[in-house]
Amino acid sequence: MVSFDFTYHRPSSIEEAVQLFASLQRQGKTPIYYSGGTEIITLSRLNLVFADAVIDIKHIPECQSFDISQNQLVLGTALTLTAIEETNAFPLLAKAASEIADRTARNQITLGGNICGQIFYRETVLPLLLVDSDIVIAGKSGVQQRPIHEVFQQSIQLQPGEFLVQVKMNAAYLTMPHVHMKRRKQGKVGYPLVTVSALKKGNELRTAFSGVCPFPFRSPKVEEMLNARHLPIDARIDYALQQLPEPILDDIEGSAEYRLFVLKNTLWDILTELEEAER
Amino acid sequence: MSSSSKCEIPLTVNGEKYSVIARQADTLLFVLRNHLGLTGAKPGCLNGDCGACTVLMDKTPIKSCMILAIEAIGKSVTTIEGLRDAPIQRAFVEHFAFQCGYCTPGFIMNAHALVESTPNASEPIIEKWLESNVCRCTSYFEIEQAVKSVLAEKQASKD
Amino acid sequence: MIGKSVIRKEAWDKVTGRAKYTHDKLQQGMLHAHLVTSPYAHALIHEIHFEKALSVPGVRAVVTGKGLPLTGEDLRDRPPIAFDKVRYHGEVVAIVVADTPIQAEKGANLVQIVYEPLPTVGSPRAALQADAPLIHENLGSYEKNDHTYPEPNTNIAHRTKIRKGNMEKGWSESEVVIETSVAFSPSDHLAMETRCATAEIFPDGRIEITASTQSPFMIKKLISTYFGEDVGKVVVHTPLVGGGYGGKAPVQLELLAYLASKAVRGRKVSVWNTREQDMITSPVHIGMEATVKLGCTKDGMIKAAEILFLFDGGAYSDKAIDVTRAAAVDCTGPYRIENVWCDSLCIYTNHPYASPFRSFGHCEQAFAIERAMDILAEKLGMDKLELRLKNAILPGHTTPTRVLLNRSNVGNLPACIKRLRELIQWDQWQRIELNARTVRAKGVSCSWKTSTIDTEASSGAIVTFNPDGSVNLMSGVVEIGTGSKTVLAQILAGKLKMDIDDIHVKMDIDTQSTPEHWKTVASRGTFMGGRAVLNAAEDAIRQLKAIAACVLRSPIEDLEVGYGKVFVRDDPAIFIPIKDIAYGYKYPNGNAIGGQIIGRGNYTLRHLTPLDKETGAGKPGPEWTVCAHAVEIEFDKRDCTYQILKAVSVVDVGEVLNWKAAIGQIIGAMSMGLSFASRETFLFDRYERVLNPQIRTYQPIRFGEHPEYIADFIKTPQIDAPYGARGAGEHGLIGIPAALANALSIAAGVPLNKLPLFPEQIWRAQKGK
Ligand SMILES: Cc1cc2nc3c(=O)[nH]c(=O)nc-3n(C[C@H](O)[C@H](O)[C@H](O)COP(=O)(O)OP(=O)(O)OC[C@H]3O[C@@H](n4cnc5c(N)ncnc54)[C@H](O)[C@@H]3O)c2cc1C
Ligand code: FES
Ligand code: FES
């Protein structure tokens, strides 16, 4: 139950959405883009979100696009996690999506919502970071495509009135060797203790993390250490873990010490799995 | 409450057309229960965590506590009240797949969508679907038996 | 009829969405309450400002705790709405009543309260420190019942003492001694239906309450006791209840609904917990710290037990006192021990307050004892089942409160152990290494339980007939999911020798017309309710025979009732259908005799006595059900993660009245035990605020995580129970947490004495942290 009131708007084109946002703002309102709505509804119940107008982007055709061509995969941000999982165009992303929440919730949670949400795990971002994807953003100045590394730094960096339309990635990445591991405190449903996505481009190992810090990230320094193939795996992991962007999380999912233990083991599993595959 | 936030919402629920005047911020669960008197879908957490509020929208299970009623415009909503002699209902009865019955409507809607959409569902698929719902009374084993019995019937009638 | 898997009477309502629970009964014109709760675990309340809340359109009243009487079942320590101070995170500080739930919530968001935080108490042991903050400064002046012993100027709400035998002798005969400590924090029942109550007060003073409760009759009495209302004017309705597990035994929201209704001149008000409130504002599953010391001879005969239970009763004692007493009553577990010293303390902390949890103090008690039994067996180098078998309690032995056991009042533990041993192939292996990382292990435990209930607790039943000869059954047992009402119908059908389909069960409770059943707790529904039904049936049979005797011109003693008829025993061809006399009999000439047959019956447990203050001697309950449990796990030595592969409970139930329902009760309880032991706990910050009052971060066991379940029964009849059946609704759970901890301790090679057993917990134990 949302205890405050808002108006609901359902634009059918990008332009309409952007204009709506601007005009609502001019009327002194606080509009918010609305995709799956799951986070907006559940957090506003706890007064952690406020809006007096919501703009549902699910009915914008571009946001629902699913195009796979020879060299590019285009995913609309309003696709549900279930759709991403079941179409399986990008197996690593499909795997990451399939581990979030539970299936019924995934019928509602969207890709864009997961990337832009407040709940800081944002696990679908990990594969997107690994494949250097591009993000299509609509805003006052029209529609533009920008590298994810530019617009996603810990969280999505948008100007007021901007929203995510699509995510694009080079098809060459889709079939590269990869692993996704989500470790929970206990059981098969729930937030991650740590989640690691990894992809191998040639000999280069790429890794992205969630649950380790209060934001998902990919770190060149961490990757440099993990790729220091002249060292034994243990040492590579130890050095890599000294390069985390922030001290490791310490919260109700697990203490910092224990997380570190789990993260080490997870990295070990990932490195051995991907490097064993080489032989 | 500003009157502008209320509006008329046309809904199709269990094949019947309704029109309700509700707040645009009202969830589907709230409207089903408080406006249409369809109390089969249950509030268990209002947070997307328990599945007690599960209904079908165009045959897909959703948690009705996490969707606005207004989003259901143009869609076909099915609640437990809309199931008539679905095999899964009988299977739940025969396999003692509930005790207090509070989680049951949500479980049944999810399981119904599963057996209808994926009659050849494997064990991992059954798990993946049904882990969306929490039951505190049964051991889940009874529910598993109920679902499997319906799948088996479907297989048998296909062969 | 007896033993058959009869489909529960309300089954079809439940699979079609037609079953109604309290919150489903919305009504035009009903007002809605929203609770304002405390963000602090311990703080003084300096000011409450609610003018802004009152200015929200639709808000009709704001109720605060000023001038309200203290409440509590054994000890009156709890203001229904906190007044001068709050004692736990989530405690109710005000109620906002409005036309719609949204308006009430808006109003609640605008209530401003000025608090002054106080130092908090975060565990029972911390509460016992000399310099611990006092949670109840006026403990000495609270009203209490005769068998509650608070210790003023401490945080001890009650202490139960068990003194049996001679400890000095026990220790001197002991050649091997172990001591161990266990602990777990409070957790939650997490019934899928959150608690809800409505109240309406009529001009003639009648108070109508509808509540999701296990204790409708208690509500009536308590509202009368606390607020001076005429008990007859309080009418409580209870429709189907969406899970209780003990959490709906205490009376809380009902009082708030009553107060809220009073504030709006008697209009109907609904108080409904959000999930977050249901988890922390309403009573929770108790926490505990305990130390157990056991001594035995070299060949494993236990000679002495010294047991200290420090229960985390939370901020108020309410039902927690009773829970801690129940743990003391059965403190040794199902073992014959001559020399016993036990102190069981109900301790105040700044945690949410505790209530019964399925098994009423027993899974807690069993966790302590059964961990100690395993540790003792290890020290002795003895087989773990062998040690338990050797010390198994038997007829002729006495319980910790000195009740002499006989063949009827205790089940057959050796038989349970024997069956368990076969079912889990104990003798084949107990721990095996599958590979360098993976190990499988089996853990076992035994348990027992009697039902500690009020000595005068009673149950009633009414049986009426319809013109077609079918029967209506009314009993005060609440249908909380256990299927008790259906089992009562089976008992009635058996007695009247009629088709179960011709028995119509009244599902809802209405305390004005439904005969009283004390409380639907303690697995007593079938025993007490069943005896009452049998008595009501006898009464009806007597009446039927009296009329039939006239009509058939036969002596009453020669008549028999069954199969829809009253017939002459040695010549069944002479009979009269029940339908012809169910409303009396009309002779062909128009004369009539008799009237509608209304059978009534009741039952009170006999010979129960309170416990002696100094020694604990007394008879707390009618019989002891015994069980043996096992859990098999697969453990990953590197990650400390594990899978539960199999769980087994063998319960001596006396007799099985409804096979599938009984299995469902046992394995459902086992599932709850596994969930509790493996993952359920509240997590507190250093100010004792609960960090995870949501299912998102308090994850119970889910579909697909369930192991293989095996439930089996031993049948040692309890002579005075209907068909010899013993209580069984909770027993699947009791030893399960201990069995899981035992299995994991064996697998991990370290004693695991803290719950829940998150992999992190195991990792810590291995690291010695
Ligand atoms: C039951 C449950 C379990 C969960 N478990 C996990 C988990 O395990 N791992 C995990 O990573 N997350 C988890 N989440 C978080 C979930 O992924 C996020 O809450 C996500 O935001 C929900 O997506 P949505 O489409 O419903 O978002 P919405 O509620 O529609 O939006 C969320 C936020 O994103 C913004 N937004 C949405 N779409 C766009 C867009 N296209 N452009 C710009 N801004 C946009 C909205 O304005 C809003 O601020 C869980 C959530 C739930 C409900
Ligand atoms: S009420 Fe919707 S998921 Fe719990
Ligand atoms: S039957 Fe009670 S919660 Fe599932």
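Student: What makes domain 1 of chain B and domain 2 of chain B count as in contact?

Tutor: Contact means heavy atoms within 4.5 Å. In this predicted model, 16 residues of domain 1 of chain B meet that rule with 13 residues of domain 2 of chain B. Residues are numbered from 1 along each chain as its sequence is written, chains are lettered from A and ligands numbered from 1 in the order written. Local features need pLDDT of at least 70, side-chain atom pairs need pLDDT 80 or more, totals for chains, interfaces and linings use all residues, and side-chain values use heavy atoms, without hydrogens and water.

Student: Where do the bounds of the domains in chain B lie?

Tutor: Domain 1 is 6–81 and domain 2 is 85–158. Such bounds come from an automatic or database domain assignment.

Student: Why is the site of ligand 1 called shared between chains?

Tutor: A residue is near a molecule if one of its heavy atoms lies within 4 Å of it. Residues from chains A, B and C surround ligand 1, so the site is shared.

Student: What makes Thr110(A) a polar contact of ligand 1?

Tutor: A polar contact is a pair of N or O atoms within 3.5 Å; within protein, one must be able to donate a hydrogen and the other to accept it, and residues adjacent in sequence count only if both atoms are side-chain atoms. A side-chain N or O atom of Thr110(A) is 2.6 Å from an oxygen atom of ligand 1.
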